[in-house]
Amino acid sequence: MSEVLADLPFCACIAAGYLDVLLVLTVCALLLAGFPAAFTLAGTALLFALIGWSMGVFELSYLIPYPQRIFGATTNQVLIAVPLFIFMGVVLERAKIAEELLDEMAKLFGSLQGGLGVSVIVVGALLAASTGIVGATVVTMGLLSLPVMLKRGYDPALATGSIAAAGTLGQIIPPSIVIILLGDVISNAYQKAQLSRGVFAPETVTVGDLFAGALVPGLLLVALYIAYVMGTALLRPASAPCIPAAEIGDRREAFRSALKTLPAPLILIVAVLGSILGGVATPTEAAAVGAVGALFLAGHRTAAGPSKTLIRIGAAALIATLAAGALAGPQGATGGLALAAGAGTLVALAGLGASIFCLLRTSALSEVTEQTLRTTTMVFAILIGAALFSLVFRGLGGDARVEHLLAAVPGGPAGALLAVMAVMFVLGFFLDFIEITLVVVPLVAAPLLAQGVDPVWLGVMMAVNLQTSFLTPPFGFALFYLRGVAPESVKTTDIYRGALPFVAVQIMMLGLLALFPALATWAR
C-alpha cells in the first residue's frame, strides 16, 4: 500500500490513508441527518469501496464473502429468536396485559408515598421480562399511568422519568433483543480474539450465557430505580403523594385480585427464562415457547364459552408437555412418558388453534403480524447493511487502526474498556442501539477480548450502556415515545429533566458492574 500511496498527489495520499476514518465519520453524519440506517451503512460502504479501489488501496475481493454474510445472517439460528420475541411482545401488548398489571399494582402500592411510581417500575420489569419491546411499554404505560400520576399531584419530571426508565428495562432484563444481537456479535468477536492468540479450539459464548449474566444486573437496576423513587418521595413528599386508602379499597381484596392477574404472565416468564437458564432450551426454542404462550394469553382474553375452556385446557397441556420434556432430559421421552407428551401436544395444538381463531375474529392477529414483520425487517436490513460496512472497513485497514488505538490507551485493558464505554455512551445521544450494536461493537469487541476481557462481562456492560441511549437527550427514543403520548401540559423539558436522574442510576449500575464483575459472571 505504501508504494500506491507514494504515486498519489499529497492530498489524495492523506485521504487514502484515512479512508476508514472518513467512512465512519460520513456514516455518523448521514445517520444524524436522518437517513435510513440500513441504506446509509450499505450505500456509504459501497461508495468508499469504489473510492478505495480507484485509489488502489482497496481490493474488491474483500466483497466476495458478502453474499455468504447475508445468507448466514438470515439462517442464523440465534437470530431467529429476534422475530419470535418481537411477535411475543407485540401479542402481549395487544392483549392489554400491561393495563391489568398497572391497575393491580396501583392498588397494592398506591397507599405508599411514591407508590404509583413504584408500581410503574414493577410493571415495567414484568413487561421487560415478558415483552422486551421498549416502545410498546413506554407508550402503554404513558397512556395508562401518566394521566393518573399527574392527577394525583406527581411532579411531571418524576412521573415521566419513572415511566421512560421503566420502559427501558426491556433492554437489559432477558429476554432482550439487544442481548440477542450482542450475543451473536460477542460470540463471533470472542472466537476471532482467541484465534488471534493462537487458540485453535476456541470457547464459545452463547446468548444464554448473556441472559444469565444480565439477570442479576437487571434486577439490581430495578431495585435502584425503586430506591430512587422512594427516596425522592421521602425527601420531597409533595412530588409523589400517596393515594388515600379509601379510594384503594380493601388491601386484602386487592391482593387477591393481583393473585388472579399475575400468575399467567409470571408462568410465561418462568417458562421462557427458566428453560434458557436451566439449559433445557436454546433461546430460539424458548422464544417459540414464549410466542405460543403469548397466543394462549391473548386468545384467552378474547374468547368466551367453550373456546375459553379449550384454551385453558390447551395451555395446561402445553405446560405439562414442557415439564415432561424437562424431566426426560436430553435422551428424550420414552414409554408412557412419550405417549403422555404426544397426547399433551395434540391437546395443546387444539387450544392453540382456538386461540388463533379467536384472534382472527377480532383482526388482532393481522395487526400483530404486520408490526412484527415491520420491526423484524428493520433489524435484519440494518444487519445486512452493517455486514457490508464491516467488510469495507476491514478492507480499508480499519480493524488494525482500532486495535492500535485501543492498545495505545493508557491503563491497559481497563483504560481501553473505559474509553470504549465512554464512546458508546456519547454515541447513544445520537444513534440507535441497533446501529451501535451492529456497527461499533464488532469494531471494538475483538481487540478488547484479545486483551483478556471476559466476554459475558463485556456483553452485559455494553447492554447496560446501550440502555442509556433510550434516555439520553436529544434523541432518546423512550423520550420521543413518551412525548408522543404525554398531555400538552407536560413540557419536553420536564421529560428530559425526569430522565437524567435515571441515566445517573444506570451509570451507577455500570460502576457496580466494573467493581464487581461477578454480578455478570456468576453463572460461568
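## Salt bridges

D494 and R497 are joined through their side chains in a salt bridge, with 2.9 Å from N to O; the term covers a side-chain nitrogen of Lys or Arg within 4 Å of a carboxyl oxygen of Asp or Glu. The two residues are 3 apart in helix α26 (residues 492–515), so about one helical turn separates them. Helices here are DSSP runs of H or I with at least four residues, strands are runs of E with at least two, and both are numbered from the N terminus. D494 is buried at a relative accessible area of 11%, whereas R497 is partly exposed at 46%. Buried stands for under 20% relative accessible area, exposed for over 50%, and partly exposed for values in between, with a 1.4 Å probe and protein chains only.

This is a predicted model, in which local features need pLDDT of at least 70 and side-chain atom pairs count only at pLDDT 80 or more, while totals for chains, interfaces and linings use all residues. Residues are numbered from 1 along each chain as its sequence is written, and side-chain values use heavy atoms, with hydrogens and water left out.

The structure holds 2 salt bridges. Besides the pair in helix α26, R374 and E370 meet through their side chains at 3.2 Å, N to O. R374 and E370 lie 4 residues apart in helix α20 (residues 364–395), which means that about one helical turn lies between them. R374 is exposed, with a relative accessible area of 60%, and E370 is partly exposed, with 43%.

## Overall fold and dimensions

The protein chain has 27 helices and 0 strands. Its radius of gyration is 25 Å, close to the 24 Å that the globule rule gives for 524 residues, so the chain is as compact as a globular protein of that length. The radius of gyration is taken over C-alpha atoms, and the globule rule is 2.2 Å times the number of residues to the power 0.38. Along the principal axes, the C-alpha trace of the protein chain spans about 85 × 65 × 45 Å.

Of the 524 residues in the protein chain, 50% are buried. The accessible surface of the chain is about 22,600 Å², and carbon and sulfur atoms account for 70% of this area. Accessible areas come from the Shrake-Rupley method with a 1.4 Å probe, and for residues only the protein chains shown count as cover. Among contacts between residues at least 6 apart in sequence, 81% join residues at least 24 apart; contact means heavy atoms within 4.5 Å.

Y18, V21, L22 and L25 form a nonpolar patch on the surface, and together they have about 340 Å² of accessible area. Patches are built from residues with over 30% relative accessible area and no salt bridge; like charges are joined within 9 Å, and nonpolar side chains (Val, Leu, Ile, Met, Phe, Trp, Tyr) within 5 Å. L22, one of the patch residues, belongs to helix α3 (residues 19–32). L22 is partly exposed, at 35% relative accessible area.

T44 sits in helix α4 (residues 37–55) and is buried, with a relative accessible area of 6%. A polar atom of the T44 side chain lies 2.7 Å from the backbone oxygen of T40. A polar contact is a pair of N or O atoms within 3.5 Å; within protein, one must be able to donate a hydrogen and the other to accept it, and residues adjacent in sequence count only if both atoms are side-chain atoms. Leaving aside neighbours within four places in sequence, T44 is in contact with L23, T26, V27, L30 and F39.

Helix α8 (residues 115–130) includes V123, which is buried at 0% relative accessibility. V123 and C358 are 235 residues apart along the chain, and 27 Å separates their C-alpha atoms. A125 is also placed in helix α8 and is buried, with a relative accessible area of 15%. Not counting residues up to four places away in sequence, A125 touches L169, I173 and V222. From A125 to G290 the C-alpha distance is 17 Å, for a sequence separation of 165 residues.

Q467 lies in helix α24 (residues 455–467) and is buried, at 0% relative accessibility. With residues up to four places away in sequence not counted, Q467 touches T168, L169, Q171, I172, L221, Y225 and Q506.
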